[in-house]
Amino acid sequence: MKKNYIETGVNLKILTIGDVVSTQGCGYLRKELPKLKRELGADIVIVNGENSASGNGITPQSANHILDSGADAVTLGNHCLKRREIYDFLDSNSAVVRPANYHPSAPGRGYIIIDKGSYQVAVVNLQGSVYMDAIENPFSVIDKIIDKINGDGIKIIVIDFHAEATSEKRAMGFYVDGRVSAIFGTHTHVQTSDNQILPQGTGYITDLGMTGPYYSILGVSPQNVIEKFRTGLPVRFTNDDGPCVLEGCLFEIDEKSGKTVSTALIRR
């Protein structure tokens with residue numbers, strides 16, 4: 001694990017896991033997450049599940065699989081509404097969160113509160129606007145959400161920023177620095193090595209990576225993606241069986257200040 005830390009006392013450990021891809025990723029998460037939680041002493045687990053269903057998107061079955069595997073919250077992204085069977089589930093399940101900057105008519109909620117009794121953690125989901133579908137400006141939306149959460153007396157806030165452009169992710173990190181506990185990027189499925197604590201105490205990483213087939217292109221069969229690039233024609237993407245990888249980042253957060261005091265890359 002690559003670590004970045006400052007010395008402090010007892011902390012809250014939040015484990016964040018990158019995009020789970022298809023049934024292969026779900027199966028590997030079920031195999032590895034319980035052990036990983038014990039080894040790290042993780043208090044809360046946040047998993048991005050927007051690609052957890054076979055073929056793309058998320059279904060109630062794949063969402064429940066992730067939660068039953070040990071996740072406290074499931075975050076989503078630009079594919080989360082592709083499967084209409086998830087709509088009612090998003091309205092009824094308080095552990096699954098979709099991007100907050102979707103149109104108000106979208107099912108579900110843009111942030112959730114994990115209540116552990118002695119502490120509460122707000123989990124916010126945002127979607128980027130660069131190279132993505134048209135959406136409400138995430139920088140404007142996050143200001144309102146932070147104000148609302150702070151007004152409810154919650155000081156530990158974690159953001160999943162599901163975005164394409166590294167520059168937008170970095171900009172959002174510095175924009176919320178000191179106002180949230182941690183922000184991690186998802187969507188590109190390639191783990192970055194820039195986990196760090198920003199100047200005002202916010203934990204940051206550009207992208208967690210993914211959970212799914214190791215010998216793949218972003219979780220998809222290499223043959224499918226190569227054919228798509230080579231011919232420019234529509235290709236049905238599949239996910240190969242074989243070795244898998246689980247990637248993410250561990251954030252240790254001081255309960256009193258709400259600041260991150262250490263980060264560590266996870267890959268297994």
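Which side chain meets Glu39 in a salt bridge? Select Arg268 together with Glu39: their side chains form that salt bridge, at 2.9 Å from N to O. The term here means a side-chain nitrogen of Lys or Arg within 4 Å of a carboxyl oxygen of Asp or Glu. Arg268 sits in the segment after β15 (260-267) and Glu39 in helix α1, so this pair ties together parts that are 229 residues apart in sequence. Helices (H or I, at least four residues) and strands (E, at least two) are DSSP runs, numbered from the N terminus.

Before moving on, a word about the model: it is predicted, with local features needing pLDDT of at least 70 and side-chain atom pairs counting only at pLDDT 80 or more, while totals for chains, interfaces and linings use all residues. Residues are numbered from 1 along each chain as its sequence is written, and side-chain values use heavy atoms, leaving out hydrogens and water.

Glu39 is exposed, with a relative accessible area of 53%, and Arg268 is partly exposed at 28%. The cut-offs are under 20% relative accessible area for buried, over 50% for exposed and partly exposed in between (1.4 Å probe, protein chains only).

Next, stay on helix α1 (residues 22-40) and select Lys35 and Glu32. Their side chains meet in a salt bridge of 3.5 Å, N to O. The two are three residues apart in the helix, which separates them by about one helical turn. Glu32 is buried, with a relative accessible area of 5%, whereas Lys35 is partly exposed at 31%.

Asp194 is in the loop between β10 (182-186) and β11 (196-197), and Arg170 is in helix α5 (residues 166-176), 24 residues apart. Both count as partly exposed: Asp194 at 22%, Arg170 at 25%.

Zoom out and select Lys31, Glu32, Lys35, Glu39 and Arg268: salt bridges that share partners join them into one network. Across the structure there are twelve salt bridges.

Last stop: Ser69, in the loop between α2 (60-68) and β5 (73-75). Buried or exposed? Ser69 is buried, at 3% relative accessible area. Setting aside neighbours within four places in sequence, Ser69 is in contact (heavy atoms within 4.5 Å) with Leu29, Arg30, Leu33 and Pro34. Then try a distance to Asn137: 33 Å from Ser69, C-alpha to C-alpha, at 68 residues apart in sequence.
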